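Welcome! Please take a look at the sequence and the 3D structure shown here before reading on.

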Amino acid sequence: MKPSLQEDRAKAVEVLARLRTAFDAGVAALARSCASGSRIDNAKADRMQLASFELAWAAAELLAAETSSAFLGARAGEIDVRLAVIFAGDAAPEIIDRLQTVYRETGLDASALDGMRPAVAALRQGAVAASALEAAGDLVTAAGGDVGTVKLDEQHELAQDAFRRFAAEVVAPMAEDIHRRDLTVPEALLQPMREMGVFGLAIPEKFGGSAPDDREDSVLMIAVTEALSEASLAAAGSLITRPEILARALIKGGTPEQQSYWLRKLAAGEPLCAIAITEPDYGSDVAALALRATRADGGWKLTGAKTWCTFAGKAGVIMVVARTDPDRSRGHQGLSVFLVEKPSFETHEFEVRQPGGGKLAGRAIPTIGYRGMHSFDLSFDDFFVSDAHLLGGEAGLGKGFYFTMAGMVGGRLQTSARACGVMRAALRAAVRYTQDRRVFGAPLAHFQLTKVKLARMAARFAACRQLAYSVAKIVDEGDGRMEASLAKLLACRSAEMLTREALQLHGGMGYAEESPVSRYFVDARVLSIFEGAEETLALKVIARTLLDSAIARPGVAA
């Protein structure tokens with residue numbers, strides 16, 4: 001490794017350590033500003049949304065930069081080191097600017113932040129100089145965009161290779177047709193995915209899945225999801241999300257009978273499933289959901305509306321979060337989860353009528369991208385569900401919020417992997433196109449600005465990928481709720497940025513539907529919206545977790 005690159009690496013480590021200290025001070029200051037006694041006050045926190053939002057983004061960027069730096073072992077290659085220091089060099093001033101907002105809003109002295117700017121400038125002078133970015137761009141092109149080194153054991157590496165081959169040979173040839181004709185994912189894709197065990201990745205082996213009985217295997221889930229999403233976000237990579245969420249909810253709160261019955265079916269992909277949480281008036285505010293479940297002889301009747309229920313047409317069972325306690329003041333404590341069975345439909349509209357008069361109707365929502373699974377508006381009208389389909393039975397009443405959140409941790413981490421798959425596809429497409437496309441008498445890849453763009457795209461992708469795999473290990477140890485949200489927050493916004501640059505490098509061809517990069521671009525936009533909109537993740541999960549943890553530490557509360 002060149003001495004100058006070693007120096008940049010050392011500077012990055014030093015800057016990140018100083019930023020972590022400044023970040024911790026900002027968290028403590030914001031916690032004090034939002035506290036009443038020893039607890040965070042919701043009203044005060046709401047008046048600090050800007051500071052909280054910037055704090056959450058600083059947390060994501062800082063953790064990603066630290067993780068990329070930590071991935072650089074003694075044998076790290078030049079490309080890994082260059083990309084890590086580029087991301088650190090680009091992230092550092094962004095983090096300082098975000099912390100400036102936190103310090104300003106809390107009245108904290110910002111001189112420590114200002115004092116870091118010379119060190120950041122020194123880092124950037126080497127890490128993101130034109131010559132350094134050009135060198136990195138050349139390495140990215142030589143590697144074909146295959147960057148973001150993550151060391152996997154033999155089992156996970158074999159699985160990743162197998163699913164990458166399947167994605168390239170089976171999914172990719174169908175992806176454009178599904179997208180452009182707005183088709184439902186065909187059985188020609190679903191059946192081989194069943195046979196490969198895709199739907200049982202989060203389900204223990206004792207229930208027919210591939211996860212170990214005594215722990216989770218989030219690394220496998222990420223490796224498979226990323227590989228499938230590279231070929232198609234909607235027609236392959238996202239098929240795993242719904243059984244992932246429902247399986248975790250069942251493991252968290254299902255009765256032994258429900259677990260034995262449903263987990264085996266979900267692992268086999270028969271039936272496919274959907275998740276109905278969002279309502280027309282309530283998006284990420286799960287605690288405020290209003291769809292009613294009222295007791296009836298032998299079960300419950302569901303009345304109300306859900307929206308953005310992905311794969312509801314094709315699904316044979318829908319996980320529905322409903323309000324079983326009519327007292328709305330109980331908030332999330334009045335919610336329960338039902339497993340609603342229905343026939344599978346290939347169409348964009350469906351209606352199910354029960355002998356007793358109950359009805360469930362669905363209509364697919366036209367979207368600019370993310371086509372294949374289709375997201376539905378659902379209308380429940382006295383739709384009967386038996387007591388056996390109440391998750392957790394009578395003991396599960398009022399616990400639906402907690403069961404749902406147990407599923408969402410895995411869903412958010414899996415969504416970060418989906419974003420990484422889309423980014424990898426876009427980066428590799430950009431590398432190929434810039435090598436083939438000639439402008440002004442030379443390949444586009446030979447120009448300095450192209451190399452700079454590819455370097456920064458690769459650095460961002462590598463950081464997101466390494467963060468996702470790192471968080472997977474934390475989740476497998478039983479923690480990581482906030483870290484999973486951090487990984488999703490950064491990867492999903494990064495996918496938007498990276499696919500935009502990939503499309504730009506394609507020029508006019510990038511705007512043509514015949515170019516896969518146009519699909520990557522419109523598909524990426526949805527990632528920051530579903531599985532927890534980025535604003536909700538930043539304010540209600542990431543910032544709130546940071547503040548609650550800080551205020552509990554000795555000496556932080558006023």
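What follows is a short tour of some helices and strands.

This is a predicted model, in which local features need pLDDT of at least 70, side-chain atom pairs count only at pLDDT 80 or more, and totals for chains, interfaces and linings use all residues. Residues are numbered from 1 along each chain as its sequence is written, and side-chain values use heavy atoms, with hydrogens and water left out. Helices (H or I, at least four residues) and strands (E, at least two) are DSSP runs, numbered from the N terminus.

Let us begin with a pair of helices. The axes of helix 4 (residues 78–106) and helix 13 (residues 448–476) cross at roughly 95° and come within 8 Å. That makes helix 4 roughly perpendicular to helix 13 (65 to 115 degrees counts as roughly perpendicular). Axes here are lines fitted to C-alpha atoms, for helices over the stretch in contact, with angles from 0 to 180 degrees between N-to-C directions. On the helix 4 side, Leu83, Ile86, Phe87 and Asp90 meet residues of helix 13, including Arg456 and Arg460; contact means heavy atoms within 4.5 Å. By class, this contact has eight nonpolar, no polar and three charged residues (Ala, Val, Leu, Ile, Met, Phe, Trp, Tyr, Cys and Pro count as nonpolar, Asp, Glu, Lys and Arg as charged, and the others, Gly among them, as polar).

Serine 68 lies in helix 3 (residues 49–70). Because its relative accessibility is 4%, serine 68 counts as buried, a word that means under 20% relative accessible area (1.4 Å probe, protein chains only). Leaving aside residues up to four places away in sequence, serine 68 touches Ala84, Ala462, Ala463 and Gln466.

Next comes helix 11 (residues 256–268), whose 13 residues reach 18 Å from first C-alpha to last, close to the 18 Å expected at 1.5 Å a residue. The expected span is 1.5 Å times one less than the number of residues. Gln258, Gln259, Trp262, Leu263, Leu266 and Ala267 are buried in helix 11, and their cover includes helix 10 (241–253) and strand 6 (317–323). Glycine 269, with a positive phi near 75°, follows helix 11.

Finally, here are two strand pairings; two strands pair if DSSP finds at least two bridges between them.

| Strands | Sense | Bridges |
|---|---|---|
| Strand 4 (residues 292–296) and strand 5 (residues 299–310) | antiparallel | five bridges |
| Strand 5 and strand 10 (residues 375–386) | antiparallel | nine bridges |

Threonine 294 stands opposite lysine 301 in strand 5, while glycine 304 has phenylalanine 380 in strand 10 as its bridge partner.

Key. Angles under 35 degrees count as roughly parallel, over 145 as roughly antiparallel, 65 to 115 as roughly perpendicular and the rest as oblique. Buried means under 20% relative accessible area, exposed over 50%, partly exposed in between (1.4 Å probe, protein chains only).
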